[in-house]
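We'll take a helix to begin with, then a strand, then a sheet.

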Amino acid sequence: MCITEIGKVSLYQSDVLSKFSNIVHGFTTRKGGVSTGEYESMSLSHFRGDDIARVKENEKILCESLGLDIKKLSSTKQEHTSNIEIVDKTNIGIGVHYDWDRGVDACITMEKNVPLLCFSADCVPILMYAEDIGAVAAVHAGWRGTDGKIAQKTAQKLIELGADEKNIYAAIGPCIGQCCYEVSEDVAEKFDKKYSVSKGNGKYMLDLAKVNFDLIAQVGVKEENISVSGICTKCNNGLFFSHRAQNGKSGTLGGIICIIEKG
Ligand SMILES: [Zn+2]
């Protein structure tokens, strides 16, 4: 497992995105924050019951460690929708410093030095970069968002904004693996049979990361430009928050991405 320590935080980073010197990105681990108990320690959601003052301190630690501007940190507002919204000059800071008025499970920005953050604790976090138009995206896909094809719709939105699909790069971060993601038949049957293995008792083991990989590839993003962490959050609960491993009481990991323009 390739975890990099940057400043006070430890991150999983994708080789696909790391090759761009103007992109800062990473998927956080539990390390480096100030939250305690089940939220120990780098918990980033405002909506999971953690003390907000500690979450705000964690946001600050994360941004300082990565050299990003906390004032411009903007995020999703996750409600298992397939809504995609643009962060532009009119709403920088939304999600973090003030609230969206609706569910937004994927954000895109073409602004430089505006970090985008999405959240997960078993769900699939995805970061994207469209090199030719200078746009980044942060996406949250649980099974509902995956069923709603939010990752594919986000890639399509980048294409609508002018990106060539060959210039889109995507990193699928740590999430619950097929080893641990048991679902009922009604969830499994929303996806092609090839994505799940029956346990024989009406339960199935579903590979959500693979579904999302294929959804992104289906719009023409090259397979070699899509990375999958292969890290299971539940198997590695010491390092990653896991909703299932912690019986629904966990902190929240972050996927963060920013286009850097110096000067
Ligand atoms: Zn696992």
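Predicted model: local features only at pLDDT ≥ 70, side-chain atom pairs only at ≥ 80, totals over all residues.

Residue numbers start from 1 along each chain as its sequence is written.

Now back up into α2 itself, residues 52-66. Its 15 residues reach 21 Å from first C-alpha to last, close to the 21 Å expected, where the expected span is 1.5 Å times one less than the number of residues. V55, N58, E59, L62 and C63 are its buried residues; buried means 20 or more other C-beta atoms within 10 Å of the residue's own, exposed means 12 or fewer, partly exposed is in between, and C-beta atoms are placed from the backbone. Looking down the axis of α2, the buried residues fall within an arc of 130 degrees, so they line one face of the helix. That arc is taken from the directions between the helix axis and the C-beta atoms. What covers them includes β2 (9-12), β3 (23-28) and β15; contact means C-beta atoms, placed from the backbone, within 7 Å.

That brings us to a partner of β15. Strand β7 (residues 116-120) has 5 of its 5 residues buried. L116, C118 and S120 point one way, while L117 and F119 point the other. β7 pairs antiparallel with β15 (residues 253-259) over 5 bridges, pairing being called when DSSP finds at least two bridges between two strands. C118 has G255 as its bridge partner in β15. With β4 (residues 74-75), β7 pairs in the parallel sense over 2 bridges, and S74 stands opposite L116.

Next, the open sheet: 6 strands in the order β5-β6-β9-β8-β10-β14, with mixed pairing. β5 (84-87) and β14 (226-228) are the edge strands, each pairing on one side only. From one strand to the next, the twist averages 15 degrees. Within this sheet, β6 (residues 106-109) and β9 (residues 135-141) pair antiparallel over 4 bridges, with A106 partnered by V139. Helix α4 (residues 150-160) packs on the sheet, touching β5, β6, β8, β9 and β10, at about 165 degrees to β9. (Axes are lines fitted to C-alpha atoms, for helices over the stretch in contact, and angles run from 0 to 180 degrees between N-to-C directions.) Helix α6 (residues 208-217) lies across β8, β9, β10 and β14, running at about 180 degrees to β14.

Methods
Contact = placed C-beta atoms within 7 Å.
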